[in-house]
Amino acid sequence: TMEEDQKNPILKEGFLVKRGHVVHNWKARWFVLYPDQLLYYKYDGGKRDSCQRGRIMLTDCKISCPFLEYDNRPLVFKLQTKSSAEYFLEACSREERDQWAADIGAAVEKLRPADSPTPSQSKTTGHRSLQLHSVSLNQVVDSMYDVHSGIKLTSHNEQGSSYSNCFSGSAVVDWLVFNQLALTRVEAVTLSSAVLEEGFLRPVGLRSVEAQRSHGLSEQFLDDSTALYSFSENFKKRGSVKAETSLSAMELSGKVLKRGYLLKQGHKRKNWKVRLFVLRSEPGYLHYYDPSKDDISPVGGFSLRGCLVSALDDNGVPSGVKGKVQGNLLKIITQFDTHYYIQAPSRQERMDWIEAIRAQS
């Protein structure tokens, strides 16, 4: 009823990928945040199934964000309820992850009795002494590992030896400054030295190993294009880089403009599945990934050059579309005349995606 809705407004809703409790597989679910609880639903075809739902009570819930213990899943946050049940949830982008964690955190805070002391949120922080405008080391490393926007792994030759899956010291400094995680190159070297000292990075080859041995702690990281580093063995989140090159590396080389969960209708069986869509420019491509797997190898994708995108009418079921759909449909016709039917979670998101795709076509 209307009255109930005002007492219990929806604060946020959208797709998140949840780890199963019993079998640890990852499944996309539709989450709805209320002031006192987080509900989640299974999507059946193109429609939310209200019978199949779960409930997470928010009173005294603890949030860990980012939660970095899953290989190939850097966008997870963890909820631990009062009864110690743990939920692992993955968002489509860093911004969405942090927004969900903040909104859930704010709801939890409001449920606290006025006189109770606030427990320290289990925010993951690294080097406590090193709060360069409050950047935590874990977050820096988390961003470095990001398959799409992180540091690119490359091959280098040094004095006759060849090293793969590594990067130069100056590439790290460039990346930190470019992403505004450090304001100056000097600050970036301090930050990199801390990351090195904590064991997230390791020196590779003669120059960087020698520098780490002989210099004081502050200067152990070299801003130098011939000093090589790689991610530590125990921290190999991104697996081997080979997965990226087998698929045309060029397709995946563009700048990521937009990421989000959308429903896509299968070509053969016409069934609707939640996919993580990633839109890139120069070259303009739209790839989609299976959220139950990782976001390294796309399940499919196509060039946006010469493609046509249009919103489909919400009245009735358009031709070419099967199943119980909730509207907000769009259709993309590629230059090779392949038809994709996609359903956005809201009218606004449909508009945003259409605009973003048109700008690349």
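Which helix holds the place of Met351? Met351 sits in helix H8, residues 347-360. The model shown in these views is predicted.

**View 1. Met351 in helix H8.**
Met351 counts as partly exposed because its relative accessibility is 47%. Ser310 lies 41 residues from Met351 in sequence. In space, their C-alpha atoms are 9.7 Å apart.

**View 2. The whole protein.**
Eight helices and 18 strands make up the secondary structure. The protein has 361 residues, and 49% of them are buried. Take the contacts with a separation of 6 or more: residues 24 or more positions apart account for 54% of these.

**View 3. Helix H2, residues 94-110, and its buried face.**
H2 has 17 residues. From first C-alpha to last, H2 reaches 24 Å, close to the 24 Å expected at 1.5 Å a residue. Its buried residues are Arg94, Arg97, Trp100, Ala101, Ile104, Gly105, Ala107 and Val108. Seen down the axis of H2, these buried residues fall within an arc of 165°, so they line one face of the helix. The face turned away from the buried side carries exposed Glu95 and Lys110. The buried residues of H2 pack against strands E1 (12-19), E2 (26-33), E3 (37-44), E5 (62-64) and E6 (76-80). They also pack against helix H3.

**View 4. Helix H3 crossing helix H4.**
H3 covers residues 137-145 and H4 covers residues 169-178. Their axes come within 12 Å and cross at roughly 110°. H3 is therefore roughly perpendicular to H4. From H3, Val140, Ser143 and Met144 take part in the contact. From H4, the partners are Val172, Trp175 and Leu176. By class, this contact has five nonpolar residues, one polar and no charged.

**View 5. Helix H3 crossing helix H5.**
H5 covers residues 185-197. The axes of H3 and H5 come within 11 Å and cross at roughly 90°. The two helices are therefore roughly perpendicular to each other. Leu137, Val140 and Val141 of H3 meet Leu191, Ala194 and Val195 of H5. The contact of H3 with H5 has six nonpolar residues, no polar and no charged.

**View 6. Phe167 in strand E9.**
E9 spans residues 161-168. Phe167 counts as buried because its relative accessibility is 1%. Leaving out residues up to four places away in sequence, Phe167 touches Ile151, Lys152, Leu153, Thr154, His156 and Val172, among others. Its contacts also include Leu201, Ala227, Leu228, Tyr229, Ser230 and Phe231. Pro203 is 36 residues from Phe167 along the chain, with 9.9 Å between their C-alpha atoms.

Pro66 is in the loop between E5 and E6. Pro283 lies in the loop between strand E13 (272-281) and strand E14 (285-289).

**View 7. Positive phi at Gln180 and Asn328.**
Gln180 is not a glycine, yet its phi is near 55°. Gln180 is found in the loop between H4 and H5. At 63% relative accessibility, Gln180 counts as exposed. Asn328, also not a glycine, has a positive phi of about 55°. Asn328 lies in the loop between strand E16 (308-311) and strand E17 (329-333). At 10% relative accessibility, Asn328 counts as buried.

Definitions and conventions: Residues numbered from 1 in each chain as written. Predicted model: local features only at pLDDT ≥ 70, side-chain atom pairs only at ≥ 80, totals over all residues. Heavy atoms only, no water. Axes fitted to C-alpha atoms, helices over the stretch in contact; angles between N-to-C directions. Helix = DSSP H or I, 4+ residues; strand = E, 2+ residues; numbered from the N terminus. Parallel < 35°, antiparallel > 145°, perpendicular 65-115°, else oblique. Contact = heavy atoms within 4.5 Å. Nonpolar A, V, L, I, M, F, W, Y, C, P; charged D, E, K, R; others polar. Expected span 1.5 Å × (residues − 1). Buried < 20%, exposed > 50% of the residue type's maximum accessible area, 1.4 Å probe, protein only. Arc of directions from axis to C-beta.
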